[in-house]
Amino acid sequence: MKLRSFFSVLISVVVVLLLIAGVGWYWLLAQSPLSLLKGSPQTNPEAVMFVPRQAPAMVSLLVNPERLASFRLAAVRPGERRHTRAELKQLQQSLLANTGLDYTQDIKPWLGKELTLAVTTLDIDRDSTNGKQPGYLLAIATQNSERSREFLQLFWQKRAIAGADLVFEQYKGVKIIHGSSVGIGQKTEGRGQKAGGKTQNSKPKTQNAAPATPPPTPALSSAAVGDRFILFANHPKVLRDAINNVQAPDLSLTSASFYNQTLQTLTEPRIGLTYVNLPGLATWLGESPPSSGATTGTIPAKPGESSSPAVTESPSPYQTLAVALKLDRQGLLADTALVAKDGKGISVSPPLSQPVAALQYIPASSSLAASGLNLDRVWRGLSQDLNRYRTVAKLVNQPLADLQKRWGIDLPRDVFSWVKGEYALGLVPEGSRGNLDLKTQNSKLNPTLVNDWVFVAQRETDAAKQGIERLDTIAQKQGLSVGPVQLDNQTISTWTKLTAGTGKQDSLALQAQVQGVHATVGNYEIFTTSIASMDRALKAVAGSLPRGDRFQQAISPLLQPNNGYLYLDWATSQPLLEQQFPLLKVVNVAGQPLLKHLQSLTISSYGSQSGVQRGGVFIKLS
């Protein structure tokens with residue numbers, strides 16, 4: 001063989017090997033669980049064809065759960081994978097508790113790439129006189145129709161053995177199976193009731209009385225639709241409606257323009273999608289219809305108490321909410337889009353390309369922090385958005401009401417109204433608070449473990465300076481002593497309640513119970529609930545919240561520019577939140593083992609454009 005021919009053959013072999021290696025490497029990357037960081041190839045749920053246009057809410061997972069489990073195992077250290085597998089096994093068992101099913105044998109062989117759960121209706125029979133029974137639909141994609149039908153057969157066999165009476169129904173070519181129950185439209189005859197061993201007939205109905213209609217009794221139902229989906233519902237009527245939606249597409253979300261327009265606002269890759277019809281959600285939560293108009297104000301206070309922040313109800317300007325869920329190496333990232341009803345709105349560009357400088361006075365140990373610009377505008381916008389959802393608004397207003405009661409001020413009027421520049425609010429756990437002993441020259445603090453608030457605001461405008469002076473005036477009217485105190489090299493102003501000492505040796509000794517503290521540092525005014533927390537705020541510059549790794553990791557996946565951050569450190573704030581909202585204890589127990597990995601939650605807003613308000617939520621997991 002000539003040397004030239006030899007090199008030609010050698011080069012050809014090398015090129016072929018490189019092509020094979022490239023294809024193999026591409027295939028490995030495509031099959032790697034870490035490829036989920038780029039999102040799912042399927043961007044929208046196919047099961048939306050079963051969901052009616054008026055559905056209040058829908059949640060979809062757009063990847064096979066097995067790939068999520070593999071991603072979780074790939075993301076943890078090799079030494080932690082055994083523990084992670086045990087947690088995943090525990091989660092599978094808890095989801096299938098009391099069903100007699102095994103995930104690995106019965107579900108995994110046929111489970112496909114989509115799971116969609118929807119609230120399809122607020123009342124199955126649309127009869128408000130017998131109470132409301134919402135309709136729930138679960139659609140599970142199947143990759144092996146034969147195995148999935150075998151699963152359904154096994155599932156109902158186990159329920160029959162357990163004593164359930166099965167009902168088989170053929171509806172438009174689809175077989176529906178459900179447990180026997182009094183269904184919608186079924187008539188019940190008046191039966192006698194035994195009392196004292198005798199049978200008493202039911203009272204005769206009057207001529208004008210309408211016949212009693214029994215409420216829909218929940219009955220687990222299932223159906224296999226072709227070779228693509230397995231459906232479960234809490235009533236066979238929900239399944240019948242789902243089948244109707246497929247055969248008449250105009251009835252489903254698939255052809256709804258508002259649904260498609262909402263999805264177009266989310267362009268980031270995703271592995272999951274949540275869609276919410278906000279007016280339907282408000283009704284589902286039991287909120288009363290809103291009245292016209294909206295004004296911010298306060299709840300009238302009882303004698304001796306301060307008023308609470310409140311707003312009158314008004315129609316929500318938003319029609320839908322969409323949330324796209326994306327995987328991140330450190331947790332989960334959610335991109336949100338609030339879409340206005342008329343598709344129109346004022347375009348507002350976010351002003352911040354980095355955290356505000358006011359955060360430098362918030363200690364790194366803070367369990368909760370909020371920051372941004374123009375608190376007055378933020379509060380008015382938040383109030384107007386939440387006033388339709390009183391249940392949610394209560395969660396926001398309650399902590400503010402507690403502060404107002406403690407300080408005796410109206411926060412929206414006396415504080416928020418003049419904060420037009422930067423602001424930062426932090427909750428410092430396990431601070432120390434005590435009494436200031438005026439009998440001695442040096443300040444003494446008798447510490448007890450508490451949670452203290454730190455609030456920082458720019459004071460460059462005349463309105464801000466007048467607002468701060470007004471707070472001192474309000475404190476004096478409440479009988480508090482307002483005066484300067486030297487804290488190291490910083491002069492601070494305290495609001496104190498003076499009381500006579502009870503010591504026998506010196507009956508004229510005075511003690512001052514600190515109600516609040518504020519100090520001027522450069523262009524900022526710092527307010528705290530104790531002298532100890534003021535000391536921590538003044539010394540926080542070198543070890544402030546934005547300098548800490550926890551906060552930086554919590555905001556790094558969120559987009560910039562934005563309107564600021566709301567940051568929650570779950571580990572340190574959990575006890576306080578559960579004390580404030582006891583329902584969280586139930587959620588925490590029900591959410592195990594997932595919530596035990598929750599480290600922090602960070603929310604940011606990206607402004608609005610063409611009637612769409614964008615935002616992001618980052619859930620950092622350990």
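Q: In this predicted model, which residues does Thr 602 touch, leaving out those up to four places away in sequence?
A: Start by finding Thr 602 in strand 24, which covers residues 598-609. With sequence neighbours up to four places away left out, the residues Thr 602 touches are Ala 554, Ile 555, Leu 558, Tyr 565, Leu 566, Tyr 567, Gly 616, Val 617 and Phe 618.

Q: Is Thr 602 buried or exposed?
A: The cut-off for buried is under 20% relative accessible area. Thr 602 comes out at 0%, so it counts as buried.

Q: Which residue's backbone oxygen lies 3.2 Å from a polar atom of the Thr 602 side chain?
A: One of the residues that Thr 602 touches is the one to look at here. The backbone oxygen lying 3.2 Å from a polar atom of the Thr 602 side chain belongs to Ala 554.

Q: What kind of aromatic pair do Phe 551 and Tyr 567 form?
A: Their ring centres are 5.4 Å apart, and the angle between the planes is 85°. Planes over 60 degrees apart count as edge-to-face. So this pair, at 85°, is edge-to-face.

Q: How many residues apart in sequence are the parts that the pair of Phe 551 and Tyr 567 ties together?
A: Phe 551 is buried, at 2% relative accessible area, and Tyr 567 is buried too, at 1%. Phe 551 sits in helix 14 and Tyr 567 in strand 23, so their pair links parts whose separation in sequence is 16 residues.

Q: How many aromatic pairs does the structure hold, and what is the angle between the planes of Trp 495 and Phe 527?
A: The count of aromatic pairs is 14. Trp 495 and Phe 527 make up a tilted pair, 6.5 Å centre to centre, and the angle between their planes is 45°.

Q: Which strands does the pair of Trp 495 and Phe 527 tie together?
A: Both Trp 495 and Phe 527 are buried. They lie 32 residues apart in sequence, so the pair ties together two separate parts, strand 20 and strand 22.

Q: Which residues form one aromatic cluster with Trp 110?
A: Move to another stretch of the chain for this one. The cluster has Trp 110 as one member, and the others are Phe 151, Phe 155, Trp 156 and Phe 232.

Q: How far apart in space are Val 276 and Leu 321, C-alpha to C-alpha?
A: Val 276 lies in strand 10, residues 272-277, and is buried at 11% relative accessible area. Its contacts, beyond four places away in sequence, include Pro 56, Ala 57 and Leu 321. Val 276 and Leu 321 are 45 residues apart in sequence, yet their C-alpha distance is 5.0 Å.

Q: Which loop holds Pro 561?
A: There is a cis peptide bond from Gln 560 to Pro 561, with omega near 5°. The place of Pro 561 is the loop between helix 14 and strand 23.

Q: Is Asp 488 buried or exposed?
A: Asp 488 has a positive phi, near 55°, though it isn't a glycine, and it lies in the loop between strand 19 and strand 20. Exposed means over 50% relative accessible area. At 54%, therefore, Asp 488 counts as exposed.

Q: What is the relative accessibility of Asn 374?
A: Asn 374 also has a positive phi, about 55°, without being a glycine. You'll find it in the loop between strand 15 (368-373) and helix 9 (375-386). Asn 374 counts as buried, with a relative accessibility of 15%.

Technical notes. Residues numbered from 1 in each chain as written. Predicted model: local features only at pLDDT ≥ 70, side-chain atom pairs only at ≥ 80, totals over all residues. Heavy atoms only, no water. Helix = DSSP H or I, 4+ residues; strand = E, 2+ residues; numbered from the N terminus. Buried < 20%, exposed > 50% of the residue type's maximum accessible area, 1.4 Å probe, protein only. Polar contact = N/O pair within 3.5 Å; in protein donor to acceptor, adjacent residues only side chain to side chain. Contact = heavy atoms within 4.5 Å. Phe/Tyr/Trp six-rings, centres within 6.5 Å; stacked < 30°, edge-to-face > 60°.
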